[in-house]
Amino acid sequence: MFRLLLRTAHAARKSSFSVYESCLATSKCDKNAAQHFRVANGGGARALSTTSARHCEKKDEPALSQDEEKINEAKDADPTEKSTLVIHKTENNKLTEQSEQPEGLKTDEGGAMQTGVGVEEVVAATKQVETETKAEKNGKESLIDLLGAMKVDVTTKKKRNLKPKRIISGSAPRPNPADMESTISMFQKATMEAASQSETLDPNLVAAASAAASTLPNRNQAQSELLRQLRENEATTQAQKKGDINHLGMLIADMKVGKHYRRQNSRPSNQIRFDEDGKGYTEERRERGVSAELDGVRRRDLFSGRRLNIFSTASDEGTVETAVAQPTLWDIDFANQLSLSTNQLPRNGLEEVIQWTKEGKIWQYPINNEAGLEEEAQVMFHEHIFLDQHLEEGFPRQGPVRHFMELVVAGLSRNPYLTVQQKKEHISWFRDYFHQKQEILKEADVYISEA
Amino acid sequence: MAAPCRQVGHQIQRKSRFLLNNFEQLWSHRTFGWTSALQQQAANTCKVAEPTETIVIPKKKTWSKVAVLEALAATVSRDPTAHPYQFQDDPYLTPRTASEFRLYSLSQESGRSAAKYFVNSNPKFFTKDFAEPHIPCLMPETVSLCLEETSEEALKERIKLRKVKAAVDMYDQLLQAGTSVTMETTHDLLDLICLYCDQDPVDDQETQTEDIEGAAEEVTKIKGRVRRATDLLRSTWKENNNAERIFNLLPERDTRCYSALIRGMVKHGAFARAFSVYTDMLNDRLTADVHIFNALISAAPEIKDKYHERWDVITDLLKQMSQQKVPPNLLTFNRILKALRRCGSLARAHSLYTLSEMKALGIAPSLASYYHVMSIACHGASSQATNDIFQVIMTTLEGTSFTCQDPDDSLFFVSAMRICFDLKDLQMAFKVHSLLEVGENWRFLRDSYQHNLYYGRFFNLLCLMEHIDTVLEWHRRLSPSLYYPNSQNLSSILQALDTDCRLDLLPAVWKDIYTLGHDNKADLVEELLALMARDTHSPEVQESFAECALDVKNVIDRVGRRPSLEWNPASLSHITTLLLRAGKIQQAWEMLQLFKSNNRVPAQGLLEEFLSVCHSKGSTQMAVELVQTSATFCLSATSTLAKRTLAEFDLTEEQRATLSDLESAGESFE
């Protein structure tokens, strides 16, 4: 519990801690969502642990009185008392945001008094406590003194002030005597090795712990128990930093604070499970044996288990992969099997169009007027248009033949339907033709070869 | 620039006052032509004022040719009221029932195949190529041999056209002529022979295209037994067939030759022989390829009987793979998992190790891997164990879109839904279903048979676990656009309605039954009638029930000639009761006549109810006739009925006399 007091100072700022600590304090908490514990984290009183933070704030009057009722019932239960104080403190922290400045003890107190927790009756009782709990944050030095004083103050005041106002809220569960006992036993259990373990802890913490223990009847046991808890706290903080929640369960089990729930089943418990066809759900005892080897899979990744250890992971040299130029018949057959094993039917018009596109039946998007003219795209436009160069050889430089050919070339250059090759062939046909008719042309004084 | 500027100047001059007053306003409004010009000027000044920043030109992105279409198609959501897209061309032929769906899709596919066959077999009629650019798939394919001479080219052509026998003959001729065949062609030839097990493929193209729609359904309809049998008949590996003969004739053999032979042997059931060929290959100091190992792994359960021996064979093969530095692929592991399913108790642990191995090697499991793991986990395990592994798998898969990498992938969803149904886990079923809706995953439900299996189970589960409103909403969403409920699904709806006390919705369900063609299922119709007749409801509900009952009566009258559905006493009395409750006394009377014509006997309670209705309606004549009818049935209740009629009704003397006769007759009969 002492540890709780210490840690609650952090808790106001770090919710993860508060979750953790509330879990430690009340194992019942692990049923609830984490954020519910923010305020209720000091709740050694089980009454608060099941209710949400908001609930706590609103109903703190009955809840607190319940706490106090509990205190009266277990008068020597100092730890429980302190946990009640923690509640107050956290509430105040929340309201006045004092947790940020632990040194501003006085103002904190004042603020706490002004804003209050909405419970006038309790304020008087808590005021004293407030001072002490805030002091926890101040440092471990003051802790020793304050803790020493705390027992007397709190118990007497509470007893005196609050006894007349015993209101037991019906909604909140009754404080479980067993819980109380276990919390107390935390301090009372004899653990002799505490001293030897204490080296790993902060000496200040150890001092504070012994001071706290001195307020209890069996101080040796209490001290060792406190130190043990601190150590575990340390360990879990580390573990939680790494995000390992699983240790939490074990720690909670160690704590023996209240009853421990361990949910084996990740299914929602309210799920109805039928057994009408008799498959399955027959007996639990069979599950034990059969599912033993599957335990590893639970709550874990499917792949994190052992492996066959046959192949070496660094088999990069094997990726040479004979890059077969063409798929073999087996590959084709396999691809065919794959396509048969899936549903290839289109679900809407667009998917059908996709199918057609893949089959090459329709134009591809984006629409390109030159689709299918890939060969022609290799030819530049000037080859289509400037055909005069082909007249350089084989035709006269001037005269009617030249004139005729220029007309032909002009016509060809405007013809979009012929390929360049066809145009060249066309021109060369005329070349051959005029060469064949050379005799006739000579008679007409037209010369082809010479300039 | 000059013209607009001048215009601006002009406008400014004319409207200077206006402009001064409303400059801000005009600035924001672009109602006038000059504002844009002004803005342009402003933009120019802005540009000058801004410091020059380096402009990063994005890289040119090459889109796939269907990227636009895929994006568009992704925007189209499913219309639950529409019928499958393939039938939208012809609304007249929209299927309403599962059998119609099957018939229509089969005929559609067979029509396509017929057209293709005609085009391919008569290429001389299809020589015109109008399309530009040329569309190869619209032109006839060459299916007949062109090259007749003995040459390697001819052999290649025969291999390409998958003419196994002709190719083997050609090869023999080439060998006899002393021509050597290149290794490449030999490989292809061996592949061909081994794939088809030395037999010509049975009209390959036709069956394949048909398969997409029909064959799978047919297969499953006959439980796959016949199919498997024909497969075996068609293709058992014979000792010393052409493949082995050619293989033995080869001067030198490389891995690919062995690969073809081993794969062919495993494919066609010569498992032990495959292993011996593998040993030969090792003796030849050759290393195997991944296909050989994959084939051998799948053959492992066949050659050993004991579970651990099977597993030892597999481990041995894997170790050899590792030694020969053959990297395993996804199929290797899927084959291992599949083989593990036949390894009994060993499978459970080893399947998980195998998955871890895959992970370690960086091979992403496909749906088939998960399917095998799931089946292993479910086999003989408790629900808890199954549930655990199933949960983990589903969490792993959540939101992933898959492509088909293994023919077994398509079994995943159906089997996952079966497990959900067995576990009665609705939350998991929803998870499975949401996974199905991710991306292209819907393709894994291969055909309408799988659709019906999957959705049928899903829907049955819904009926069991969900509130009736949710059930009906899902019913509207799923049926008939995605699947056609079978009579069991509809019966589940009826039960769900009964459980949630929403029997007033029964007429709507009857409409579904009728539309889906289940109105000839006697037990379903009787269940419906029994539910309607069981309790009395408010008058409006009774009215709708009576309408529905008349509808049922018409249907039974119409299909009565069929043996599956005929009048039985229960349905007759149910309908009569319903009509009576709705006060349709005349129709009820007609129903009563049907008892006689069908040689059935009405129950006493029914007649008494009838009499009460007659009384409330005050139709005396009807009551007397009722008693008479009862007498013709020789019912023991006749006297009671007659007594009641005598006491309660206002009768004429004649009627009184008849009734007294009947009463005494009835008593004497007793």
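The crossing of helix 30 and helix 32 of chain B is right-handed (the near helix is turned clockwise from the far one by less than a right angle). This is a predicted model, in which local features need pLDDT of at least 70 and side-chain atom pairs count only at pLDDT 80 or more, while totals for chains, interfaces and linings use all residues. Residues are numbered from 1 along each chain as its sequence is written, chains are lettered from A and ligands numbered from 1 in the order in which they are written, and side-chain values use heavy atoms, with hydrogens and water left out.

The axes of helix 30 (residues 604-617) and helix 32 (residues 638-648) of chain B come within 11 Å and cross at roughly 10°, the axes being lines fitted to C-alpha atoms over the stretch in contact, with angles from 0 to 180 degrees between N-to-C directions. The two helices of chain B are therefore roughly parallel (angles under 35 degrees). Helices here are DSSP runs of H or I with at least four residues, numbered from the N terminus.

Turning to charged pairs, the structure holds 24 salt bridges over all chains (a side-chain nitrogen of Lys or Arg within 4 Å of a carboxyl oxygen of Asp or Glu). In one of them, B:Asp172 pairs with B:Arg245, with the closest N and O atoms 3.1 Å apart. B:Asp172 belongs to helix 7 (residues 164-176) and B:Arg245 to helix 11 (residues 242-249) of chain B, so this pair ties together parts 73 residues apart in sequence.

Technical notes. Parallel < 35°, antiparallel > 145°, perpendicular 65-115°, else oblique.
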